[in-house]
Structure formats: structure tokens, C-alpha cells
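Try each one yourself before reading the solution.

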Amino acid sequence: MTNYSFSSRFKQANIFSLILFFLSIIFIGFKGLNYGIDFKGGTLIELRSKNIEISSIRNILKNMNLGDINVKKFGKEGDYLIKVEQTGDNNKFIPKIKKKLTDNLNSEINFRRVENVGPKVSAELLQSGIIAISLSLVAMLFYIWVRFEWQFSIGSIIALFHDVIITLGIFSILSLEINLSIIAAVLTIVGYSMNDTVVIYDRIRENLGKYHKLNISDIANLSINETLARTIITSVTTLLALFSIFILGGEILRGFSFAMILGVLIGTYSSIFVASPILQFFKVSYKTLEKEEEKIVP
Amino acid sequence: MLNFSKINVLSIYLIFFFISIFSFLNFQNSNQFFEKKINLGLDLQGGSYLLLEINSDSLVEEKLQSKVIPLKKLLKDNNINYSNFKINEKTLSLTINNKDKFELLFNSQKNNPINPYIDNYRAFELEYKNTNSNKIEIFFSKFGLLTINNAALKQSIEIVRRRIDDVGTKEPTILQRGEKRILVELPGLKDPERIKTLLGKTAKLNFRLVSDNNEFGTDSLISENGEKLKVSKRIIMSGENLIDAQPNINNQNNEPTVSFTLDRLGAQKFGRTTTDNVGKRLAIVLDGEIVSAPNINEPITGGSGMISGNFSFQEATDLALLLRSGALPTPLLVVEERTVGPDLGEDSIKSGLTSLVVGFILVILFMLYKYKVFGLIANTALIANLLMLAGILTILEATLTLPGIAGIILTVGMAVDANVLIFERIKEELKTEKSIIHAFDTGYTKAKITVLDANITTLIAAIILFAFGSGPIKGFAITLAIGIITTLFTAYFLARHLTSLVVLNNRNKEVKI
């Protein structure tokens, strides 16, 4: 078993977390999130062609009066992604764009993917994404409250907020796209981070019952050390799988796996440096557990 | 925890065997007995996904319009005087002299010609409110609107199905989504434009006379060759009277045409009109536009006819298809569209599988390095886990999407957690406990709660994701959720049994994790 002094670093870690947290909120608030067409509406066209210039695609589309257009390289050489903000009625402009590009670029074009999301649907998708994330947080709060005491419940939920906000904050800072798969990643992060926190909390609860004389910061420290090997090994295997998706899984899964990698790192950190200090803040002791038992058995 | 009765062991391996055997069904081409397979999502096999929305507003107006004549008749028959009769989009307003009598008629539950009572909802189709003394406003009730909407949606789904079946794409999925939407999935379709064009037309066909007669009013429409024509509002016959329509080539000028056959009622109406109006022009109007306006040269009484209108053969084919399938009650709007080309799907499968294999090998090697013999056990459990996961997906005939593959890879990474938790716990127990068997036993017992707690939290996240996610994301939630369940089974039964074999066979030697 390792014997690092985590609890002596709690304060520094908490200041670091607070800075990151508020920085993230500031970025999300002022710079905003870079919503993809799933949540903003619009059209996305992925095409593959040899020997064409990105500037010629831009020029052809510029003359079509489509409003805001974004063309960029996407993954492999010769793959391009076009994003059009306009959402016309019944998407009649999609075949027009295809025809114009086919006629004007002197090269064979393979339209690999076309997606269009109308304004109504995108608003609904965003709404259900937000509901899903909120609901998962509430469900976790409730589960921990049932399985542990309320102090643990608050601690774990703050750690989850910490993870979700900082992950989104990094997406905001790097202007990475938020789409449906990022919502899936965030929910999985919530599950994973909770998983990590629960393992440490479980041990803290066990040790609180075992060592009445130790104070909570020593108990937390002991418990973190006892579970540290597991924490690291599980993070490593999960990260091995995630890096494999990130590097080999193709362009479509890249955002998702990147969010998950961030989430696993932040989630592991927060179970140790956020969730545990909060128990210390609430002055949790073996008495906290006993009180709860008295309540249950009157 | 290390003692297994024979029945326990037998049932563990039987469960494992029966579930995982299903995963092999995916590797055979066809089987008469078990036709179960994991389906590939549109993002993996390529195809088109369309979400269509009906708009029943125009239908509500039409329906309200149709109430005007019966309402006037009812008022007249019952000697109720009315004035200021106005129709304004969704409300009818009028002033009447006998409000009580009107109310009695309006809210009668039996044989009500203008305001039928809908038994399903226990409510009337229409409602009215008194604005001032004798002025009333009539409009559709909430349930009246719902009835109109539901009927329109049902009919639209039927017509969409007919049109798509007629085009002949393979295995289309057409489903109702919510109150106003229709989901259409067309696997393998590379370009949905033709389908979109076909679904974008309501295809309301009318036959109307070209005339200046003002009795019914006229519409000013442009004919197929640019002529401005006045067309009577009176509809002689509509597309509902059509039984069949087929594309043809006209023998005389080699032009593509559409020939149609009428039902008995249509044939009668058509025969009478063409007999009475020889020499006049008949406008064939589709969705408010004139397709053609030929001269009536002679009475057409045979119940069949031909439409020619400078079509290409493709246009004639499409028009015939639209006429055969019938008119949509309302226009359909494409509110979401996603098309993936087959080569991108193939690339996604390839990269998905590559990352799965690589991720799997990395995790296996890491576990072997970390836990040696017990790493072997954890890895056996992991392989069993994947087989069971694939087996359950097959039994459920689930749809595998690209995020779904990511879910499987993630399961590989996280599945070993259960065994890691247990092994680490045993390591701790081994330090204080002299009896090896006892240490393993307590290790399993103590880790049990933690393993459960830890996995239930991820399961909660997966279930919420399944409830709120759409399309490919649902695929991710499914693999993640099933992965958790198979993980618990393999870690707590399979791996535990294997561990017990190792421990019990080496009970007198030193066992190290």
C-alpha cells in the first residue's frame, strides 16, 4: 500500500479546482460553447475528392448566398467538411450545393455524409440533452443519498459538477464542437466519475467504523491510499481503451473519445481531491454514521 | 465465497454458454431455425434517415370551411336568424338571435351534423364562446384538433409507406414519432433526393374546367406552356376517384404520358362533364399548378384517360406513382435528415473494429503484466464478457452503431475494474490474513458492495442516456448498459469460480496476486 499524504494537498488542490471551475464558467458564459448542427440547426456535408483546393470549394459556395459557411479539412487528405448555417424549407438547397460542386470542381466528388437538422429539432435535442445531464446528476445524488449519508451525497455531486463544468470549459476554450456524442460522453463521465468516487467513499465509510480515533482527514488519506492502486489501474485500462478509439476510431469518434479522456482524468482527480475534502468540510466522523443508523432503527 | 456447489457451477457455465452461443449466429449467412442477428445502424451500413413533420393547420381551416354549409342549413331549418357570418382562419363568428336554442342544437350528443361527439375523448369536436350578447365564435376543441391531427398523421404514414414501397428501397422503416412526426429509415440509400421530392408533394389532383363563369369563383393559374388561364373553383373530380395510374409512351408523338383509370363514381362524373362540355378546356391541376389543360374533343365515358404535359419519362413515372399512392392530407416538412454513404459506413466499421481489437489487446497485456495468473483469469472473464455482450445484443436484435462500438470498447476498459477491485482487496487481506482461502473469501465478500455500488452508478447514467438519446446514441447506451450487466456476471460468477479453482488447487502453496 502506498502512503502519500493527499490530505495535506487538499487545500492547494481545492484552490486549483476553484480556479479551473470559475475559469470554465467564465469561458462557457462569455465565449460560449461551439454547438454543432445537432444543437444549432444547419447542414453538414462531408465529401471526399482528390486534387481539389479548399479555397475553390469556398469560392463556389460563396456565390450561392447561403449565409455563413464553414469549410475545413476533415481527417484524411482529400476529406472536407462543409457546414452551412442556413436552414431553408425542406432542405432544397442540399441538392443545389451538390450539383454546383459536382459541376464546378474538375474532380470526382464522393458525398460521404449529409446531415441537416431543422431549428425546431435542434432546439428539442439541446433541451433533451440538458434534461438528460441534469436528470443523471439528480439520480446520482439520490442514489448516494440512499446508499450513504447526505454529506457523501453533496460531496459526490459537487465532484460531478466539477467534472462536467471543467470538461465543457475545456471544450469552450479549445472551441471544440459540442454535438450529440459529446452529451453521451458527458453522461458516461458522470457515471465513471461517480464510480470512482463511490469506491473511495465506500472505503472511507468502512474505515470510519473501524478507526474511531482517527480524524476525517486521516481517514480520507488512508482510504485514498488503500484504493489508490485500483484507482490507477482502472484509469489506465479505461484510458488504454479510450486512446485506442481516439487514435484509431476515426474522425467521427474523435470528439467523443477526447471528452471521455478528459473526463476520466478529471473524474479520477476529483474523486481524490474534491469529493474527499468535502467530507472533511462537513466534519464527517463515525458519529455521522451512527446517527443515521439510529434514525433507521428507532 | 469460494465454495461452489455443483449446481452453481453448472448453471454459471450453462448461462454463459447459452447466451454467448448466440453471438456466433452473426457469423453465418443464413439459418432457417434462428434468424437473429445484430443489425447495423445507418451510420455503419450507410443509408438515409428522414424525420418528417405534418402541419395540420391548413387541414383545420379546410375542415372548418366544410362546416359552413351544414351549419347554415341547421340554423335555417331551426328558424334561427343569423348575420355577420365570418370565417377567419381557425374561428367561425356569427351573430344569432336565439342563443339558447343554438346551444341545445350545438351540444346535442346524438346525430349532431356539425358538432359530433367524440366517444374516445368524451368531448365534442367543436367549442364555442360568447364574445358579446349575441355574437358567438366557433372553433375546434382541444380534442377536435387532436382528432384531426391524429387522422392526418395516420393517413400520412400510410401514404408515405405506399410511396416508399413503390420506389422499392430495401427494408425501409416507417414509424410514428410523437404527435406530429414520421421517422423514415432507408438503409442503403445513397441519395434521398428522389424520395424527398416524392414525399414533398401532397399530390392533390383536381380536374376543373377552364371558364370565366363566376358562379363558383375562379383561380388564375398558369398553364404548362405559360398561358394565363381562369380555372373554375368547382372541382369536377379529384384524385380520390383514381384507381390506378401508369406511365406510358404516347404512340403518336413518342411523348411520355400518364394514363389513369377511374372508379365507378369518378367515371360517371367524368363522363357527364366531358359530355356536357365538349369544346371547352379541362384543367388538370396538381397541388395548385396546372399540369396540362387539354381541349375536350369528345365525351370520355370509358372511365380512363391520359395526362400529357411535356414530361420526361422519369417525371411521368413519378407522377403516376404519386397519383397511385394517393394524396397526402397535409404537406410534409423534412425537419431532420441524415445520410451516410456506404463507403463512410465501411470506413467506420473498419476503424471501429481496429480500435476495438487494439484496445482489447492493450488491456489484456496490461492485466497480464499486472496480475499474472489472476490477470489470465480477468482476461478470460473479459473475453467471456464480450461474447455474452454480443450474445445479448443478438438475442435482442439490437442495432449496432458507431457510438455503440465505442460503448463496447469502453466496456472492455471498465469491465476489468470489477476484478481489479476484488484482486486489490484480496491483496490487502493477504497481508493480515494467514489462511489464503480465508483471505480470498473475505476479499470477495468485502468488495461485493463496492463493485455493485460502482456499477449501478454507471448503469443509471446509461439508462438515462437510453431514455433521452436519439439514434446512434441509443446504441451507445444499450451496449454500455448490457456491458455492465455482463461485467457483473462474469466478474462475480465466472472469474470467482476460476479464482477458486486456482486457490483451492494451491491451498498449501503460497498464492500471490
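**Exercise 1.** How many residues does the contact take from chain B, and how many from chain A?

*Solution.* Keep in mind that this is a predicted model. Start with the count: chain B gives 58 residues and chain A gives 57 residues.

**Exercise 2.** Work out how strand β5 (residues 109-117) of chain A meets β20(B).

*Solution.* Look at the directions and you'll see the two strands run antiparallel. Then count the bridges that join them: five. For a specific pair, go to A:Glu115, whose bridge partner in β20(B) is B:Arg338.

**Exercise 3.** Describe how α10(B) packs on α11(B).

*Solution.* Two packed helices are described by the angle between their axes and the distance between the axes. For α10 (residues 342-395) and α11 (residues 402-432) of chain B, the angle is about 5° and the axes are 8 Å apart. The cut-off for roughly parallel is under 35 degrees, so α10(B) is roughly parallel to α11(B). Their contact has 18 nonpolar, eight polar and no charged residues.

**Exercise 4.** Compare the radius of gyration of chain B with that of a compact globule of 513 residues.

*Solution.* The globule would come out near 24 Å, but chain B has 35 Å. Now check the box along the principal axes: the C-alpha atoms of chain B fill roughly 110 × 70 × 35 Å.

Key:
Residues numbered from 1 in each chain as written. Chains lettered and ligands numbered in written order. Predicted model: local features only at pLDDT ≥ 70, side-chain atom pairs only at ≥ 80, totals over all residues. Axes fitted to C-alpha atoms, helices over the stretch in contact; angles between N-to-C directions. Helix = DSSP H or I, 4+ residues; strand = E, 2+ residues; numbered from the N terminus. Parallel < 35°, antiparallel > 145°, perpendicular 65-115°, else oblique. Nonpolar A, V, L, I, M, F, W, Y, C, P; charged D, E, K, R; others polar. Rg over C-alpha atoms; globule rule 2.2 N^0.38 Å. Contact = placed C-beta atoms within 7 Å. Pairing = 2+ DSSP bridges.
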